[in-house]
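User: I am new to this structure. Please walk me through it in short questions and answers.

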Amino acid sequence: MSVMRLGYVHTRESDLDKAIDYYINVLGLEEVAQQDGKHYFKCWDEYDHHSLVVENGGLGLVKMGYKVASSDELSHLEKAIENFGLPVTRVSAGENLGIGQAIRCTLPSEHVLELYAEAEQSGTQVGVLNPDPWPSDRPSGAIGPDRLDHLLVTAADVQTNVDFFTRVLGFRMSERIIPSLDNEELLAAFLFCSNKAHDIAFVKGSNGKLHHFAFWLDSWNDILRAGDILGRNNVQIDFGPARHGITRGTTIYFLGPNGNRNEVFSGGYMTYPDFPSITWTADQVGKAIFYIHREVHERFNKHVT
Ligand code: FE
């Protein structure tokens, strides 16, 4: 598939100083640059220039960036997006710090999507020659996730966004939630472009809103350790540690200092393009979201930014 992965999430924070402190000292991200009021972060095992951009003013998502395998693929996708009916804007190299030429469109869900093929690669903290499994200067009091993993956004019409991601961008649907076997309206869809269980998910809700974006940890032990660190720092836990039915991943959801929701995520099965989609019916939504606890609380359903 030509789209490889979620490359960056760009968010707004109502109190930028609190957010910067949180991402550095609780999440344990590395701040790699700041320019024009934007702060750029990356995780220790990421090659590209950054994976998170934070700017002042409000809450929620400014835009998301997915990295494409080549510039040729980008040209191909530009035409395909226009044929789907979405206007495309070209973004010149460097307009996003450290990122090459991009194309930008606004999804049916009103979220801004950028696709790009090139980024400055500053390398990981362990390098590519005889690397250690984790960096020696990994901050001991912070979570220190390996990588940005996925995001989940809300959409009034999940199906149209799934049509766009599957037909135009080549994603596949690993799992879905529908009202019942007699009514296949999509209430949620989990989509992948890699071999992971999801690279983006859409849940029925208001257009333009962010539910969460997630960072990858290696193991369930790391999830528990992350929980300890969140507790030590009095971060508001939304839910977890817990197990998802969908993706089978393990998780903690928590709210940053201004209310944007993050997740630490580990595990989950591998996907392949020939796998059929897994279906959950709405009467089993508790197990789908939190398999062990089997119920989803009000804030998890309602709180978006
Ligand atoms: Fe998630």
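User: In β15, what is the bridge partner of Q236?

Analyst: This is a predicted model, where local features need pLDDT of at least 70, side-chain atom pairs count only at pLDDT 80 or more, and totals for chains, interfaces and linings use all residues. Residues are numbered from 1 along each chain as its sequence is written, and side-chain values use heavy atoms, with hydrogens and water left out. β14 and strand β15 (residues 249-255) pair in the antiparallel sense over five bridges; two strands pair if DSSP finds at least two bridges between them. In β15, Q236 has as its bridge partner L255.

User: Which residue takes a positive phi in the hairpin of β14 and β15?

Analyst: Strands here are DSSP runs of E with at least two residues, and helices are runs of H or I with at least four, both numbered from the N terminus. The hairpin of β14 and β15 has five residues between the strands. The positive phi, near 75 degrees, belongs to T247.

User: Which strands stand at the edges of the open sheet, and why is one side of each left without a neighbour?

Analyst: Nine strands form the open sheet, in the order β14-β15-β16-β13-β9-β12-β11-β10-β17, with mixed pairing. Each edge strand has a single partner strand, so one side is left without a neighbour in the sheet. The edge strands are β14 (236-243) and β17 (278-281).

User: By how many degrees are neighbouring strands of this sheet turned against each other on average?

Analyst: Axes are lines fitted to C-alpha atoms, for helices over the stretch in contact, and angles run from 0 to 180 degrees between N-to-C directions. For this sheet, direction is ignored. The average turn is 15 degrees.

User: Which residues are the protein donors of the iron ion?

Analyst: Donors are N, O and S atoms within 2.8 Å of the metal (3.2 Å for Na, K and Ca); water is not among the atoms, so sites may look incomplete. The protein donors lie 2.0 to 2.1 Å from the iron ion. In sequence they are spaced H-x61-H-x50-E. They are H150 (NE2), H212 (NE2) and E263 (OE).

User: How many residues apart in sequence are the parts that H212 and E263 tie together?

Analyst: Buried means under 20% relative accessible area, exposed over 50%, partly exposed in between (1.4 Å probe, protein chains only). H212 is at 1%, so this residue counts as buried, and E263 is buried at 0%. H212 lies in strand β13 (residues 209-216) and E263 in strand β16 (residues 261-267). The parts they tie together are apart in sequence by 51 residues.

User: How are the rings of Y22 and Y23 paired?

Analyst: Rings of Phe, Tyr and Trp (its six-membered ring) pair if their centres lie within 6.5 Å; planes under 30 degrees apart count as stacked, over 60 as edge-to-face and the rest as tilted. Y22 and Y23 are among the buried residues of helix α1 (residues 16-26). Their ring centres are 4.8 Å apart and their planes stand at 65 degrees, so the pair is edge-to-face.

User: What about the rings of F239 and F290: how is that pair classed?

Analyst: Both F239 and F290 are buried. F239 lies in strand β14 and F290 in the loop between α5 (285-289) and α6 (298-302). Their ring centres are 4.0 Å apart and their planes at 35 degrees, so the pair is tilted.
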